[in-house]
Structures are given as structure tokens and as C-alpha cells.
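Good morning, colleagues. Please have the structure open as I speak.

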Amino acid sequence: MLNGLPHLSIGQGPPLVVLLYTPRAADPEGAARWSMTRMLRPFAEHFTVHVVIRPPGLPPATTMAELAAVYAGAIEAAFEDPVKVLAISTGGSVALQLAADHPHLVDRLALGGTAATLGPVGRRAQRAYIERARQGKRPSPALAEVVTESAIGRRLLAGLLWLSDGGGADHTDAVTMLNAEDGFDLRGRLRDIRAPTLLVQGGEDVVYPVELARQTVEGIPDARLIVYQGRGHSRTFTDKRFARDTLAFLKRG
């Protein structure tokens with residue numbers, strides 16, 4: 001635990017705090033842990049990587065600002081100096097809120113596949129996830145449309161996502177997280193972010209469309225956008241260029 005928050009730490013060197021979405025508010029296990037570790041291995045060669053995960057049992061009406069305050073408390077307690085932050089997708093929403101509300105804690109901010117608010121497709125998919133969970137259904141099939149535009153691909157993926165949810169799993173914490181992002185819109189606060197920022201976005205991202213990514217970067221005083229043309233949401237951070245580009249940025253200063 002990192003000041004009471006579940007976390008996974010790997011590597012050696014100066015600290016790098018990683019924020020990303022996990023279905024469970026707990027240390028990753030099994031295949032999820034393997035996949036996460038594999039993605040972060042290039043960063044662990046240069047930093048001590050701390051994947052910090054939200055605490056379980058947050059109130060259902062928790063806002064993104066309240067969630068960012070939880071992370072801020074953990075960072076302030078664990079580290080003496082401002083930290084470099086790498087954040088992906090929904091984790092990027094948390095990181096943007098954190099950098100705006102608690103700028104003294106963030107030294108550099110590298111983001112992948114995110115923006116200052118959700119796009120229409122991403123919002124629709126996440127609301128469908130929330131509604132399925134509230135109805136007692138396995139919710140993850142609702143996310144198939146944000147991964148592939150192929151109708152056949154969506155049906156196949158929805159089946160795999162249904163299996164991945166597992167019978168009897170509790171999705172309360174996931175719903176709380178996605179509900180916080182549903183109300184998240186930081187476009188009027190971006191100027192409050194003082195940390196140098198890099199946003200890497202897929203040109204075909206439907207969760208956070210590239211136009212929203214451009215608006216996000218234009219609103220932050222010291223920010224840069226890299227677009228991977230032809231890449232959708234999840235393929236942005238699995239692209240081999242992602243680690244290269246974000247590491248080059250994070251290692252400065």
C-alpha cells in the first residue's frame with residue numbers, strides 16, 4: 001500500500017507515478033499484472049515505477065476532483081519532491097485534475113489516449129457500462145464499441161469481455177470511477193496546469209477524439225501533442241513508439 005492506496009512498484013531510479021484505469025480497486029493479479037508489468041517494463045529501466053490505484057469503497061458520488069485529492073494525499077505523504085506522472089486513458093483524466101488542483105505535486109506530465117473530457121462515443125460506452133452494472137449484468141461488453149469499428153469484431157470482443165468479467169464479480173468501484181469521469185470536464189481549468197505536458201493521441205481514437213486532445217494541449221501553457229495516425233484508443237499506448245516518445249519527454253529536466 002502507498003499511504004493506504006493499492007499500488008504496484010517495479011524498477012529502480014527516481015519515482016514515476018503511473019495512473020491508469022483498472023476494473024478492480026486492488027493490486028493487479030494474474031494476467032492483468034503480467035500485462036501491466038510488460039507495458040511498463042521500458043519505464044522501469046529508468047524509473048522506480050509506482051502504479052497507484054484508487055482505494056476501494058469510495059462513495060458512489062465521488063467526483064474527479066475528490067478522487068484527485070485522494071491521489072494528491074498519497075503523493076504528498078510518500079514523496080518529498082514533485083513527481084513525474086505517466087497517465088493513460090481514464091487515468092489521464094485523474095492526472096489532469098491532479099495537475100490542475102495540486103500543481104505543486106507534479107513535475108512533468110506524460111499522457112496517452114486521454115483529453116480534458118470524454119468524447120460522445122466514449123461517454124455513451126461508459127454510461128452503458130454503468131447501466132449494465134446497475135442492472136446486475138456483466139458490464140464490460142458495453143466497451144466493445146470503443147475498441148473496434150467492425151460489427152463482427154464488436155460481437156466477438158463483447159463475448160470475450162463478457163467472459164473476462166467473471167460471474168458474481170463486484171463492479172461497484174469501477175462504476176464509481178467511470179461515473180466520476182462522466183462528470184469530468186476540465187477544459188475551463190487547463191491553464192492551471194503548470195507542469196510541462198506531453199499528450200500522445202491516436203488519430204482514430206473514438207473515446208477521446210483527437211480534436212479534444214488538441215483543445216486540451218492548446219489550453220495548457222506548456223504542452224505538446226503527438227498524434228499517431230491510424231491508431232485507435234488502445235493501440236496508442238501499445239504502439240512501440242509510445243514508450244520511446246514518453247520516456248524521451250520524462251527523462252528531461
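Predicted model: local features only at pLDDT ≥ 70, side-chain atom pairs only at ≥ 80, totals over all residues.

Let me begin with a convention: a crossing is called left-handed if the near helix is turned anticlockwise from the far one by less than a right angle, and right-handed if clockwise.

Helix 4 spans residues 120-134 and helix 6 spans residues 172-182; their axes come within 10 Å and cross at roughly 145°. On the side of helix 4, the contact is made by Arg123, Gln126, Arg127, Tyr129, Ile130, Ala133 and Arg134. Helix 6 contributes Ala174, Val175, Leu178, Asn179, Glu181 and Asp182. Sorted by class, this contact has 6 nonpolar, 2 polar and 5 charged residues.

Helix 6 also packs with helix 3, residues 90-101, at an angle of about 60° and with the axes 10 Å apart. Because of that angle, helix 3 counts as oblique to helix 6. This crossing, too, is left-handed. Thr90, Ser93 and Val94 of helix 3 meet Met177, Leu178 and Glu181 of helix 6. The residues of this contact divide into 3 nonpolar, 2 polar and 1 charged.

Helix 3 has a further partner in helix 2, residues 64-78. Here the axes come within 9 Å and cross at roughly 70°, which means that helix 2 is roughly perpendicular to helix 3. From helix 2, the contact draws on Met64, Ala65, Leu67, Ala68, Tyr71, Ala72 and Ile75; from helix 3, on Ser93, Val94, Gln97, Leu98 and Asp101. By class, there are 9 nonpolar, 2 polar and 1 charged residues in the contact of helix 2 with helix 3.

In what order do the strands of the open sheet lie? The 7 strands follow the order 1-3-2-4-5-6-7, and their pairing is mixed. Strand 1, residues 7-11, and strand 7 stand at the edges with a single partner strand each, so one side of each has no neighbour in the sheet. From one strand to the next, the twist averages 20°.

Two of the pairings deserve a look in detail. Within strand 4, Lys84 stands opposite Leu16. Towards the other end of the order, strand 6, residues 197-202, is joined by 6 bridges to strand 7, residues 223-228, and these strands are also parallel. Leu198 has Arg224 of strand 7 as its bridge partner.

Finally, how is the β-α-β unit of strand 6, helix 7 and strand 7 handed, left or right? With helix 7 at residues 210-219, the unit is right-handed. I thank you for your attention.

Key:
Residues numbered from 1 in each chain as written. Heavy atoms only, no water. Axes fitted to C-alpha atoms, helices over the stretch in contact; angles between N-to-C directions. Helix = DSSP H or I, 4+ residues; strand = E, 2+ residues; numbered from the N terminus. Contact = heavy atoms within 4.5 Å. Nonpolar A, V, L, I, M, F, W, Y, C, P; charged D, E, K, R; others polar. Pairing = 2+ DSSP bridges. Right-handed = clockwise from strand over helix to strand, strands pointing away. Parallel < 35°, antiparallel > 145°, perpendicular 65-115°, else oblique.
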